[in-house]
Amino acid sequence: MATIENIETDEFILDEKTLREIETMKGANQWSIVWRRIKKDKMGMLGLYIVTFLILMAFVSWILLQLDEWLTHAGLLYGDPNLISSLNNLYVELWIPGVSKSNPIVLFNHPTYQFADQVKLPPSFIHPFGTDANGQDMLSRVFFGATNSLALGFIGQMTTVIIGTVLGSIAGFYGGIIDDILQRVIELLYSMPQFILMIFIIVLFEDIQVPGGKYAVVVIFFALIGWGGTALIIRSNFFSLKEQDFVEAERALGASDMRIIFKHILPNSLAPLIIIVTLGIAGTIFLFAALAFFGFGDATIVSWGDDLNKWQDQLLEYPWMPMFPALFIFFTVLGFNLFGDSLRDALDPRLKD
Amino acid sequence: MSLRGYIIRRVIYIVPVILGVTLMNFTLINISPGDPVIIRIGLIHCETEDCYNAAYNREAINMGLLDSNLYTVPWFKRYIDFVSDLLRLDFGTSWYYTRAGQGRPIAQIISEHAKYTIILNIVSFFASLLLATAIGVVSATRQNSFWDRSLTVAMLLGYAMPLFWLAKLIMLVSFYLFDFTGVAEGDAFTEPILLNGQFYKFLILPALALTIGGLVFMARLVRSQLLEILRQDYITTAKAKGLDSRSVIYKHAFRNGLLPIVTIIGSSLPGLLGGSVMIERVFGWPGLGTIFLNGALFRDYPLMMATNTIFPFLFLIARLLTDITYVFIDPRIKY
C-alpha cells in the first residue's frame, strides 16, 4: 500500500548527495554557505590560492625589510643598504646538505643590493630570475616589490570604497538635491578616462610635498576621483532597501537615521561591497602599474610597476628583466579577478552565468 | 517625443558637461603647486635679474596671468577667456610643439593628429565587436565543450594581462617572427594616408593589440548575456517550432541580448579610450594619446587643457551614438 511518503519519494527523486547537501545547509549561516560555494569552484579556488600566496609574500618581505631596518638602527648590523659599496645585511640563505657551508646559495638579497660584477646575467641557478643592469637580483626585486605593489592597490581601493560608501549612503538615504548633485559630479568624473585624468593630476601635483612620496599623491587623488562606481552601486542598493518593511518597522520603533544606515541597510549591502573591493583591487593594481609603466610612478621605491618601467626597453635584448615584474602583475590581476568572480557568483547566485 | 527632439536635447546636454569638465581641469591647474610661468621660462638663461623679471612679465602677460598693467587677472576672468576662446576653437599655442621658436597653434596640432586616433579606435572597435560576437556565440551555443572552455580560459588570461604589456609582447613576437616591431616611423604617415600602403602596415600591430584589449572585455559579456537568454521560454518555443539553430540564435537570442551589451560597452568607452592612449604610446602612434602624454611629460599646460577637453567630447559623442542605437535595437524604446 502506498503511503504518503512513498508517493513523495516517487515524485522527487533526490540522490543521496543532494540530500546530504541540504542537510548540511540547514542552520548554516550565510558565510559558510558562500564558502562552500567557492570551494566547489575550481577557478575561484585557484584565484584564492594565488591571492593568498601573494599576500603572504608581501607580508613576509615586509617583515624581513622592517627587521633589517630595525636591527641596523639598533646597531646590531653595520651595513647601509642604500650605499652600493656597503655590507649586505639582509639576505636569506639556502643551504643544501652535501654542499660546502662556506658557499651557500643566497635566495633573497636586500632589493637595493648590487652585485657589482654580476650585471645583466640571464636566469641561472644562483640568480633564478637573472640580474638587471644595476647588478640587482631580479628575484629579490620581485619578492620585495610585492609589498608596495599590493599595499598600494589595497589602500587605493579601500579608500575609494570608503568614500564611495559614505557618499552613496547619504545620497541614497536622503535622495533629493544631494542625490542630484552627486550624480552630476559622478557624470563629470566619469566623462574622462580615469587613466588620463590620473596622469593629468599627477603631472600637476608632482611638486607637492606630502609624507609618503609620490605614491601618496597618486593614492589620494585616485581616492578623490575613483569613488563614483561604488557610490552608484551603494546608492541604488539604498534606494531599494529603504522602502522595505524592516526599515519601516525600525523607524516606527523610533530608530535614528544613523542607526538605520549603519545597523540595517549597510550590512545588507555588504555583498556588493565585498565584490567591489576584490574585483577593484585588480583594477587598481593594473592602473598603478600602468601609471608607473608610463613614467608617472616613483622610481625610488621597489615595486613591480617601476621595475617594469625601468627595463621595458630591454625586452628585446634582456627579456628576463621586464618579464618577471610583468608576470607578477599579471598573476596578481588574474588571481584577484578569478577569486572576485567566484565570490560574486557565490554571494549572489542570480548573477551566475 | 520624437527621435529628433531627443537627439537635439542630448546634443545640448553635452554643453554643460564639457563646461563642467573644463572648469574641473581649470581648477586643478589653478590649485596645483608651482608657478606655471617659471615652468614655462625654465629654459631661458638670464645674466641679470632685470632681464629675468622682464621675461617673466612678458610670459605672464602672454599667458593671460597678468594684464598689461601687471595686475593679477582673477581666475574667473581667465576661465571666461578660456571658454570664449574654446567657442572659437582657439586653444592657444603649445609650449612643447614649436616651430621656428614659436609655439604651434594647438587646434592645428590636434586636427593633424586626431584622425590617427579615430582611425585606430574605429578599426579596432569594430574588429573587437565582430570577434567578440563570434567568440561569444561559439562559447554560448556549445557551453562546457572543449571550445567553450579553452576560449573562456583564453579570455580570462587576456583580461588579466595589462594592456601595455600585451602590446609589448605582441611587439616581441612580431620582431622574432617577421623582424618588424611595428613602431611607427616617418614614412608611414605621408599624405594621403588612406592611399598609403605603409600606413596600413604600421596600423596592423597597434590595431591588433587594441582589438585584443577590447575583445576580452566584450566576449565575456556576450557569452553571459547569450547564455541567460538561451534559457528563456521563447527560445524553447522557437526551437519547438522547428526553426534551425542559426535563426534561433541570431534572430531570437542575439537581438535580445544586444541591449545590455550596448549599455555596458557604452559605459566602458572611457576605459577603451584610455587603453588607446597606452597602445599609442607603446607603438609611437602619433595620435591624440601620444600628444597628451608628451604634453604631460613636458608640462605643456595649454596642450593638456586642450586634450582634456577633446577626450570627454569624443567620449560624449560616442555615448550619444550608443544611446541612439538603442532605438534601432529595441523598438519598445520611444523618445
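# Chatting through a two-chain model

Visitor: Let's start with the strands in chain B. How many bridges join β1 to β2 there?

Guide: Three bridges link strand β1 (residues 93-99) of chain B to strand β2 (residues 102-105) of chain B, and the two run antiparallel. Keep in mind that this is a predicted model.

Visitor: And what stands opposite Thr98(B)?

Guide: That's Gly103(B), which belongs to β2(B).

Visitor: What do β1(B) and β2(B) form together?

Guide: They make a hairpin, with two residues between the strands. In the turn, Ala100(B) has a positive phi of about 55°.

Visitor: OK, new topic. How many residues of chain B are in contact with chain A?

Guide: 39 residues of chain B are, and they meet 33 residues of chain A. Several helices of chain B each supply at least two residues to that side, including α1 (3-31), α8 (197-230) and α13 (301-329).

Visitor: Which one gives the largest share?

Guide: α11(B) does, with seven residues of the side that touches chain A.

Visitor: What's that side like by class?

Guide: It has 28 nonpolar residues, along with seven polar and four charged ones.

Visitor: Which residues touch the most other members in the largest nonpolar core?

Guide: Ala289(A), Ala290(A), Leu291(A) and Ala167(B) do, in a core of 127 residues. Take Ala290(A): leaving aside neighbours within four places in sequence, its contacts are Phe195(A), Pro162(B), Phe164(B) and Met278(B). Another core, of nine residues, lies apart from the largest one, and Ala171(A) and Phe238(A) are among its members.

Visitor: Let's do chain A. How many helices and strands does it have?

Guide: 14 helices and two strands. The chain has 353 residues, and 38% of them count as buried.

Visitor: How many buried residues does helix α10 of chain A have?

Guide: Zero, out of eight residues, so α10 (residues 245-252) of chain A is hardly covered by the definition of buried used here. Just after α10(A) comes Gly254(A), with a positive phi of about 95°.

Visitor: What does Thr159(A) touch, not counting residues up to four places away?

Guide: Val219(A) and Ala223(A). Thr159(A) is also 9.2 Å from Gly226(A), C-alpha to C-alpha, with the pair 67 residues apart in sequence.

Conventions: Residues are numbered from 1 along each chain as its sequence is written. Chains are lettered from A and ligands numbered from 1 in the order in which they are written. This is a predicted model: local features need pLDDT of at least 70, side-chain atom pairs count only at pLDDT 80 or more; totals for chains, interfaces and linings use all residues. Two residues are in contact if their C-beta atoms, placed from the backbone, lie within 7 Å. Helices (H or I, at least four residues) and strands (E, at least two) are DSSP runs, numbered from the N terminus. Ala, Val, Leu, Ile, Met, Phe, Trp, Tyr, Cys and Pro count as nonpolar, Asp, Glu, Lys and Arg as charged, and the others, Gly among them, as polar. A residue is buried if 20 or more other C-beta atoms lie within 10 Å of its own, exposed if 12 or fewer, and partly exposed in between; C-beta atoms are placed from the backbone. A nonpolar core is a set of buried Ala, Val, Leu, Ile, Met, Phe, Trp, Tyr and Cys residues joined through C-beta atoms within 7 Å. Two strands pair if DSSP finds at least two bridges between them.
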